[in-house]
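Good morning, and thank you for joining.

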Amino acid sequence: MKKKGRYVVEASYLVPVICILLVYLVFFTLYAHDYAVCVHTVLTSGVKGCYQDGRTGEKRREETEKELAQKLSGRLLWLEDEAVEVQVNPVRFTIRMSGKGSFLPVSGIVIEREIYRVQPCETLRRSRWMRD
């Protein structure tokens with residue numbers, strides 16, 4: 001008689017644990033997706049905005065912020081309150097993006113990337129690995 005209810009008790013502990021693990025897996029996937037999208041968008045917008053084409057620093061900053069907001073508007077799944085800060089120097093282009101989501105116990109996503117404004121073609125030509 002004591003052995004008949006043993007499987008029910010074990011299942012009553014295992015089923016909720018498995019369900020909670022699956023829910024956390026889905027939440028982690030949403031977080032990882034948004035983090036990857038944010039990093040990719042920050043880097044592509046930064047590389048596009050750092051080229052010297054006669055624009056002023058303020059104009060570059062405005063265009064980069066607008067482009068980032070436009071690209072991130074329909075792609076994010078978890079992130080809700082995103083804030084973008086762009087700083088333009090003669091030497092580097094700094095982009096900082098941060099945001100928070102609603103249902104994960106994570107403090108949020110903070111991405112800060114510095115893209116140096118060097119001449120990439122000249123750097124590639126002078127590097128040693130191109131000669132081999």
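I will speak about helix packing, then about one serine, and then about the cysteines.

This is a predicted model, in which local features need pLDDT of at least 70 and side-chain atom pairs count only at pLDDT 80 or more, while totals for chains, interfaces and linings use all residues. Residues are numbered from 1 along each chain as its sequence is written, and side-chain values use heavy atoms, with hydrogens and water left out.

Helices here are DSSP runs of H or I, at least four residues, numbered from the N terminus. The axes of helix 1, residues 6–50, and helix 2, residues 57–72, come within 10 Å and cross at roughly 150°. The two helices are therefore roughly antiparallel, a term for angles over 145 degrees between N-to-C directions, on a scale from 0 to 180 degrees.

Contact means heavy atoms within 4.5 Å. Helix 1 contributes residues including Val37, Cys38, Thr41 and Ser45, which meet Arg60, Thr64, Glu67, Leu68, Lys71 and Leu72 in helix 2. The residues of this contact divide into 6 nonpolar, 5 polar and 4 charged.

Consider Ser45, in helix 1. Is Ser45 buried or exposed? Ser45 is buried, at 0% relative accessible area; buried means under 20%, exposed over 50%, and partly exposed in between, with a 1.4 Å probe and protein chains only. Beyond its neighbours within four places in sequence, Ser45 touches Thr64, Glu67, Leu68 and Lys71.

Finally, the cysteines. Cys38 is buried at 0%, whereas Cys19 is partly exposed at 42%. With a disulfide taken as a pair of cysteine sulfur atoms within 2.5 Å, the count comes to 0 disulfides.

Definitions and conventions: Parallel < 35°, antiparallel > 145°, perpendicular 65-115°, else oblique. Nonpolar A, V, L, I, M, F, W, Y, C, P; charged D, E, K, R; others polar.
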